[in-house]
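Visitor: I would like to learn how to read a protein model. Please give the general idea each time, then the case at hand.

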Amino acid sequence: MADSRKLGIIVNPIAGMGGRVGLKGTDGKEILARARDLGATPVSPARTIEALREIAQVADSIELVTYPFDMGEEEARESGFDPTVVGSITKNETTAADTVNAATEMLKCQVDLILFAGGDGTARDVCRSVGQNVPALGIPTGVKMHSAVFAVNPRKAGELTVRFLQGEASLCEGEVMDTDEQAFREGRISAQLCGYLKVPYEMESVQPSKSASFATPDEKTSQDLIAQCILERMEDSCYYILCPGTTVKAVADKLGVAKTLLGVDLTYKGALVGSDLNEQQLLKLIGRKKAKIIVSPIGRQGFIFGRGNPQISPAIIRKVGRQNILIIATSTKLSAIGLGRPLLVDTGDEETDRMLSGYTRVVTGYEEEVVVKVSS
Amino acid sequence: MTGYRAVTWNEPLVYQLGRKGRRGSAIPAAEEQLKVKVGDVLSKIPEAMRRREPANLPELSEPEVVRHFIRLSQQNFGVDSGIIIGQGTCTMKYNPKINEALARSPKLTEVHPLQDSSTVQGILEIMYRLGKLLCAISGMDEFSLQPRGGAHAVLTNARIIRAYHELNGELEQRNEIVTTVLSHPCNGGSPAVAGFKVITLYPDPETGIPNVEALKAAVSKHTAGMTITDPYDTGIFDPCIDEYVKIIHEAGGLVAIDQANANSLFGRLRIGDVGADLCHFNLHKSFSTPHGSHGPGSAPIGVRRHLSKFLPVPTVEFDGKKYRLNYDRPHSIGKVSGFFGVIPAVLRAYAWIMTMGAEGLHETSEVAVINNNYLLGRLLKVRGVALPWIKSHPRRLQEARFSLQQMKEETGVGIDDVNRRIVDFGIQKCFTSHEPWIVPEPFTPEPPESTPKEDLDTFAEVLRQISQEAYTNPEIVKEAPHNCAISRIDQSPSRDSKKWALTWRAYLKKHK
Amino acid sequence: MTVHRYIPNSDPEVKKELLDEIGVKDPEELFAAIPERIRFHGPLDLPHGMSEHEVRRLIEGLLSKNVKPDEMLSFLGAGCWPHYVPAVCDEISSRSEFLTAYTGDAYSDLGRYQALFEFQSMIGELVAMDAVTVPTYDWATASGDAVRMAAIASGRREILVARSTSPDKLSVMRNYCGRLAEIMPVDYDHQSGQLSLEDLKEKMSPNTAAVYIENPTYFGFIENQGERISNIAHDNGSLLIVGVEPLSLGLLTPPGEYGADIVCGEGQPLGLHMSFGGASLGFIACRDEEPLLSATGHRLVTISTTECRGEWGFTYVLPERSMYAAREKAPSITGTGAALCAITAAVYLSLLGPNGIRELAETIMQRSNYAMKRLSEIRGIKAPLFNSTHFEEFTVNFGGRKTIRNINQALIKHGIQGGKDLSKEFPELGNTALYCVTEIHTKEDIDRLAAALKEVLK
């Protein structure tokens, strides 16, 4: 590498502590205290060191920027780095705010990548702070890991970081999800879409090129091609329910319609009818007209319905009909979920889930589709 | 372990050799009378079109040219030199030398393709006969020898599928081809070049083959057909192939089956019997013609009777007395390459089939499959090696795709490293997989029927040794090769336009 | 059956050892994956196998039904030309290390990568372009690839092609274009044969991706207007593709110097025996720019260095572009091309050198011009039809009396193979054939042709 690269490290020292002792996450002082009482020990530091050891091989050409104590400094030194330490924290009493501040600091330092260790909560905090202004990658240590921003394991996180800093990995947008607290209180597991991070991604063996081309379109171009394909198919006398996500947003962009990134919008005859709608509003607006859903898989496991788009209720799905659901996803997205792995549905209604299950086509490009399995 | 030492000449580029003024040729001058009669022909070339500077070609004497290229050949690795079992899907079998000798006959080499057919009856007959033999082997009705490689053959078949639907007035409606991701990439790529939209099926994670339900979901009134490789490059035979054919036919489409992996099927399965409408063979794979350092190859396509009319022109026909080239085929898709095909390969393949005969072909597929399954068993005993889909498919046909994922996770040594290490032993590297890598850290050996048992054992033994190295002293593998003509190549020009140079002149400009 | 000489493990003892290790008794069990309902149980409808001696007799017997090449004086060209092939070319192309290798890396296969790079370098010099791809099957398929490249790189969909291009080539181009591009013809001047610049300008549009011309043209003469055509194309934001016959470049200005963006051509004249049209090589060269290179599906071999100073290494550029990686996203098909032919061509050009190729081109022109002169002296013959400068091929028009078919049939009786019949491909040229004269034709040969034609036309 010609120029030195800056890598930001943020460790959430308490992420994952709940899991070992059967707790769902460690957000909040109360739950953290309970975890400690139950004998939980930190998970993140060791995993961070595992990842950093992979990166240590190219330590000479990387400047490490991190937060004090066990939010990164200790782990970095332990792995053989001599980091630049920014910010200040109270040891053993770190909170979500510290993660947010750390990320903000890293952005200010103009790091090339933020490598964070934690779970969905940590990802949410990083996302809140920097959004898509700087690439980020998660070392998986938390209990809740619905977000599509984590590497498969700490070692892979390290490897991918090295590749990215060497210019050999491209960026894909990954959903940041977190527990739908409301649903959780009602006894359901549901995740809500909090936002997006730009995450390095490397398809198995194919090293993406730096510049997009006909054969190797980058994520944006792929989404554009998908959007073009969808547009050509759009029917006039049909409502289009546009689900969350950047790929669906690309369709809206092509239509020339403003779309909310995280919400469900409705169009008719090429114009926006309503934004960020809930189930009731959707049903009211559509009335008895024909409607189609345009949806893209969300999260690490590739949920079509059930995570991040609760507005699309079983009622709406049944009204629209299976054959009127258009699933779109870039090949990169499908690869991240796992080639050949099924996409998932969890609408809360068994019959609807059954109706959706089976094999279906997914638009992955202009004249390209793949057939994937949908399971509940 | 094998005692191999690579030939290392440190041979400069031809442009770095020789000396100004040297030459390796003498051009026969035209007779004086002739020259007088025509005068100064060069002055007839318009000023703007006259080359100002002589072409910058090397200036070497004949012996220098010979030495240079002989040295290069010594630093190349062919089937004749050593073990190339690792190159699966390529079917690196022995290329019989008698076929080489016959292909060099001036009665073939000095013949122009457009000569009057009365003067080339011999070659036409060989072409005709090969077509008939391929029909007998495949169960198809007619062959064209024009395509020159597998991707070219699939392109040709895709164009025929288009022509078929166009004739039926359904081309606009039928614009989709279904394929599977474990079929050779050209099964998706060539139809796209031909103008189709491509729908790809993924294998079921349990079985390694697509689920029939997936195909049903892919098929509609827009289906023009299906392109699929069977057996797959993973060595798995898709037993649902005839069911796929039925589904596609019911939808009104045609099926083209890529027979690149036919080495395991000789005498066991005729692809026409499963209902294929089109197929192709790679003569440089199952049919023993040499690979030529990556070409020329040859890939005849076969069709059922109802598609004959679309075959590229000309076809070779026999009226009972004479052979001729028939251009009068109004529904033909036209041409996919100049002239008629790679005729030297056609001759070699014909000679090979006649040498082997029915029993020989039967023995070919038998031993190829036995070799592969023997090797499979031995490789599974190597630490770090696993066979994907082993529960559903513990045995394979002519090749098998393994995974070194376990070794990678436990030692950090992966297939790229192993491939750079194996050449230290005088063994060719393994073919990994086409993209995308469904199987992580893949490698795909294929020991054709011409492989002696000793080679199978050596290959397995060397892999075992490399595995041991990976688990005890991984640096040896990661920093390989240690025993080749060159050391680790700098890959950075791969993606850097300021560094890459496809010609010497480009190199000089960028690296002054 | 007896142990087969090509199949070492067909020895029953060895076979049993292998089967035992696998754990099966009957090899049939290994084919269990093939369902019984589609199994073929043979025997194949093929004859019995043969010994080497029998095979030799068979093939040689068949080939002897061909007329002996030295008994036929041929003046055929049209995409496959008769040239002298030096013995060194045969020697190197039959080296088994080259012949029987396939796809190793440069560690084990340094030789083929280096030879290929040297080939690319020489083509680059001949056509004056810095980037040359790994070659494809032949000129026709190379032109198909070039056309796709232009459409993809420019984002436009029309290709303007000179009407004087061979219909066979156009057919291949169309099969390659798919729905990506449409081929539209541009007229040529009926006197000179040169591309009609008026028609070209009229047909140029915002949708024109490229203009494709050949030099020399299919009819054998030199296209003089390269630079002007290039300007017209570039002014319109279109690319210029030039198809060439490489030996002519010993004398002619290379297309890279008159504005070509992509050059393609036929490598058969470079040390490859005609082989009934079965030995050919399509080369493609272009400006060394990423947008163009990204638009080709061919492999691109670059020189590189290694860890050891002073060593050359070789690797691929933008490998994810080729069909092996990109599948249906690839710009064009990628496959087993014509590597051995390229290595042979590298040998041929190394032997020729700058002086050799110039002398060769000159002697070819002298001989073909002599032939044109001699034939024009015969009543009823106009040779060439077009008043431009010709290289090694030229049109010969025979007026209205006898068809080309009849003339050629009559010539055969004289032991002469006449030129390609163009009358069906180009009815506007009437009774015209395409004759080819190269360095292998002596004055005596040409005189003999003239005498025979005179006889035939009586």
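Guide: Start with strand pairing: two strands pair if DSSP finds at least two bridges between them. Helices (H or I, at least four residues) and strands (E, at least two) are DSSP runs, numbered from the N terminus. This is a predicted model, in which local features need pLDDT of at least 70 and side-chain atom pairs count only at pLDDT 80 or more, while totals for chains, interfaces and linings use all residues. Residues are numbered from 1 along each chain as its sequence is written, and chains are lettered from A and ligands numbered from 1 in the order in which they are written.

Visitor: In which sense do strand β7 and β8(C) pair, and over how many bridges?

Guide: Strand β7 (residues 262-266) of chain C pairs with β8(C) in the antiparallel sense, over five bridges. Within that pairing, C:Cys264 stands opposite C:Ile284. β8(C) is also joined to strand β2 (residues 131-132) of chain C by two bridges, and these strands run antiparallel. There, C:Val132 has C:Ala285 as its bridge partner.

Visitor: How many residues of strand β8 of chain C are buried?

Guide: A residue is buried if 20 or more other C-beta atoms lie within 10 Å of its own, exposed if 12 or fewer, and partly exposed in between, with C-beta atoms placed from the backbone. In strand β8 (residues 282-286) of chain C, five of the five residues are buried, so the strand is largely enclosed by the rest of the structure. C:Gly282, C:Ile284 and C:Cys286 point one way, C:Phe283 and C:Ala285 the other way, and all are buried.

Visitor: Which strand of chain C pairs with β6(C) in the parallel sense?

Guide: Strand β5 (residues 208-215) of chain C does, over six bridges. One of the bridges has C:Asn215 with C:Val244 as its partner in β6(C). Strand β6 (residues 239-244) of chain C has six of its six residues buried, so it too is largely enclosed by the rest of the structure.

Visitor: What is the order of the strands in the open sheet of chain A?

Guide: The order is β3-β2-β1-β4-β5, five strands with parallel pairing. β3 (84-85) and β5 (136-140) of chain A are at the edges with a single partner strand each, so one side of each has no neighbour in the sheet. Strand β2 (residues 62-66) of chain A is joined to β3(A) by two bridges and runs parallel to it. A:Thr66 has A:Val85 as its bridge partner.

Visitor: Where does α6(A) touch the sheet?

Guide: Contact means that the C-beta atoms of two residues, placed from the backbone, lie within 7 Å. Axes are lines fitted to C-alpha atoms, for helices over the stretch in contact, and angles run from 0 to 180 degrees between N-to-C directions. Helix α3 (residues 44-56) of chain A lies across β1 (5-11), β2, β4 (113-118) and β5 of chain A, at about 145° to β4(A). α6(A) packs on the sheet too, touching β1, β4 and β5 of chain A, and its direction makes about 150° with that of β4(A).

Visitor: At what angle do the axes of α5 and α6 of chain A cross?

Guide: The axes of helix α5 (residues 96-108) and helix α6 (residues 120-130) of chain A come within 8 Å and cross at roughly 45°. Angles under 35 degrees count as roughly parallel, over 145 as roughly antiparallel, 65 to 115 as roughly perpendicular and the rest as oblique. α5(A) and α6(A) are therefore oblique to each other.
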